[in-house]
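Subject: Structure handover

Hello,

Here is the structure for you to look over. Please open it alongside these notes.

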Amino acid sequence: MEDSKMKAFLYRLYLWLIKGVPVYKIDANIKTIEHGNVLSGQKILITGGSRGIGYHIAKRFIAEGADVLIVGRNAEALQKAVGELGCKYLAFDVTDITQLPNLIEKAAEALGGLTGLVNNAGICNIDNGFLNVTEQSYDEQFLLNVKSPFFLTQAFVKYVTEHKVPSSGVVFITSERGLYPDDAPYGMTKAAIGNIVAGIARRFALLGVHINAIAPGVTADTINQPEKQEDAYLKGAIGKRFIMPDELAEVAVFLMSDASKCLSGEIIPCNQANHYK
């Protein structure tokens, strides 16, 4: 045995015998990314997957070998997306909180198991300032952006722990708006998600559940479509452009892969440092 290894062994033995400090041996089981096979064997549920960021994440996950099920309220939009993606779908209202455990069970049944969850569904109401926020708008945004992903993640974690899934992942799609003070309900909901991610990541890390979030800047999606103008320019952004949903999908692939198991409780800003104001 090499001198350095012998010294390390004797030191650990000393800690155990003299001080009663237990010696743990944990295999990091480091994974590396192999393009086209990053998510092979994974079975992933994506909310709000019929369009925008969720659609692009689903497309990228499928390309990387995952079995994907997308969820949304609009059955027609889901069917159109599935025709393009070639995945499974469920028409489901994720604000029906009492039925979220049922959604997890249905997704697991459709996919033959469940290893991943992407909380993408969300809403941003234009309230035109703090003094104009209505109770209805406030409640609507907190219901879909906070309460729904909170309890869906709870149901997912219960599933993977009860079924002893050795490695599983949750990715929240939040926003740069949650990274700085905001008097709008939308920003408040995204800040709340950051707190939830950090809290539950610590609680379940030892069970093999890694939980992270992506915080995009203003993204080119079904609402903001700069590609129609063949120009991604965005005046107010530090990087002077929209963030592309395909870019966010690449980050989501990494966060859902086994190669990122050392990351949990992180919020990854995807906005070219725009949150540093």
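This is a predicted model: local features need pLDDT of at least 70, side-chain atom pairs count only at pLDDT 80 or more; totals for chains, interfaces and linings use all residues.

Residues are numbered from 1 along each chain as its sequence is written, and side-chain values use heavy atoms, with hydrogens and water left out.

The sheet

Seven strands make an open sheet, with parallel pairing. Their order is E3-E2-E1-E4-E5-E6-E7. E3 (88-91) and E7 (267-270) are the edge strands, each pairing on one side only. On average, neighbouring strands are turned by 20 degrees against each other, direction ignored. Helices (H or I, at least four residues) and strands (E, at least two) are DSSP runs, numbered from the N terminus. Two strands pair if DSSP finds at least two bridges between them.

E6 (residues 209-216) and E7 run parallel, joined by four bridges. Ala213 stands opposite Ile267 in E7.

Helix H6 (residues 185-204) lies across E5 (168-173), E6 and E7. Its direction is at about 160 degrees to E6. Contact here means heavy atoms within 4.5 Å. Axes are lines fitted to C-alpha atoms, for helices over the stretch in contact, and angles run from 0 to 180 degrees between N-to-C directions.

Helix H2

H2 covers residues 52-63, 12 residues in total. Buried residues in H2 include Gly52, Ile53, Tyr55 and Phe61. Buried means under 20% relative accessible area, exposed over 50%, partly exposed in between (1.4 Å probe, protein chains only). Gly65 follows H2, with a positive phi near 95 degrees.

Aromatic pairs

There are two aromatic pairs in the structure. Rings of Phe, Tyr and Trp (its six-membered ring) pair if their centres lie within 6.5 Å; planes under 30 degrees apart count as stacked, over 60 as edge-to-face and the rest as tilted.

Tyr138 and Phe142 are stacked, because their ring centres are 4.6 Å apart and their planes are at 25 degrees. Both sit in helix H5 (residues 135-162), four residues apart, so about one helical turn separates them. Tyr138 is partly exposed, at 35% relative accessible area.

Phe150 and Phe151 form an edge-to-face pair, 4.9 Å centre to centre with 70 degrees between the planes. Phe150 is partly exposed at 34%, and Phe151 is partly exposed at 30%.

Best wishes

Key. The expected span of a helix is 1.5 Å times one less than its number of residues.
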